[in-house]
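Keep the sequence and the 3D view open while you work through the exercises below.

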Amino acid sequence: MSKWPSNRLLLLLAILLLTSCQTLHGEQAPKVSITMDELRALAEKGGSLSWNDFKAYPYEDEGSGLYIRKYDVEGGNQLIISGKSLDKKPDHIYVVNKDGEKIDLLKENSKDLNF
């Protein structure tokens, strides 16, 4: 039996792995956390914030019956967005600092983001 077909398969797998592991830079690179400057800019939108405003950031899905997404914010802070539908505006958007203090971005001034 020839080893040629299995060698071609290994070569194909190696090429696929190498091309899928390319380093992304700039806007293509996935963001790890939201910076405080980005958060302040987003907070200025206040009540007009939507789920789409946060689509560039990775999140942890914590919802069960509701949509609840948890985002990491620099400095150990977190952003929690919740709502009944992704087609409607979120019901709550909170920034929670390390001490558990919450700021509601839909209701409070972005100048309050001085964690």
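How many salt bridges does the count come to? The count comes to five salt bridges. Keep in mind that you are looking at a predicted model.

**Exercise 1. Find where Asp37 and Arg40 lie, and decide how exposed each of them is.**

Step 1. Begin with the contact: a salt bridge joins the side chains of Asp37 and Arg40, at 3.9 Å from N to O. The cut-off is 4 Å, so this pair qualifies.

Step 2. Now locate the two residues. Both belong to helix α2, which covers residues 36–43. They are three residues apart, about one turn of the helix.

Step 3. Turn to accessibility. Asp37 has 60% relative accessibility, and exposed means over 50%, so Asp37 counts as exposed. Arg40, at 28%, counts as partly exposed.

**Exercise 2. Work out whether Asp53 and its salt-bridge partner Lys45 are buried, partly exposed or exposed.**

Step 1. Look at the distance. In the salt bridge between Asp53 and Lys45, the closest N and O atoms are 2.6 Å apart.

Step 2. Take Asp53. Its relative accessible area is 19%, and buried means under 20%, so Asp53 is buried.

Step 3. Take Lys45. With a relative accessible area of 38%, Lys45 is partly exposed.

Step 4. Place Lys45 in the chain: it sits in the loop between α2 and β1. Lys45 and Leu105 are 60 residues apart in sequence, and their C-alpha atoms are 8.7 Å apart in space.

**Exercise 3. Trace the salt bridge between Glu60 and Lys70, then find the network these residues belong to.**

Step 1. Check the contact. The side chains of Glu60 and Lys70 form a salt bridge with an N to O distance of 3.9 Å.

Step 2. Name the elements. Glu60 is in strand β1 (residues 60–61), while Lys70 is in strand β2 (residues 67–73). The two are ten residues apart, and the pair links distant parts of the chain.

Step 3. Classify each residue. Glu60 has 45% relative accessibility and counts as partly exposed. Lys70 has 17%, which is under the 20% cut-off, so Lys70 counts as buried.

Step 4. Widen the view. Glu62 joins the picture here: Glu60, Glu62 and Lys70 are linked in a network of salt bridges.

Terms used
Residues numbered from 1 in each chain as written. Predicted model: local features only at pLDDT ≥ 70, side-chain atom pairs only at ≥ 80, totals over all residues. Heavy atoms only, no water. Helix = DSSP H or I, 4+ residues; strand = E, 2+ residues; numbered from the N terminus. Buried < 20%, exposed > 50% of the residue type's maximum accessible area, 1.4 Å probe, protein only.
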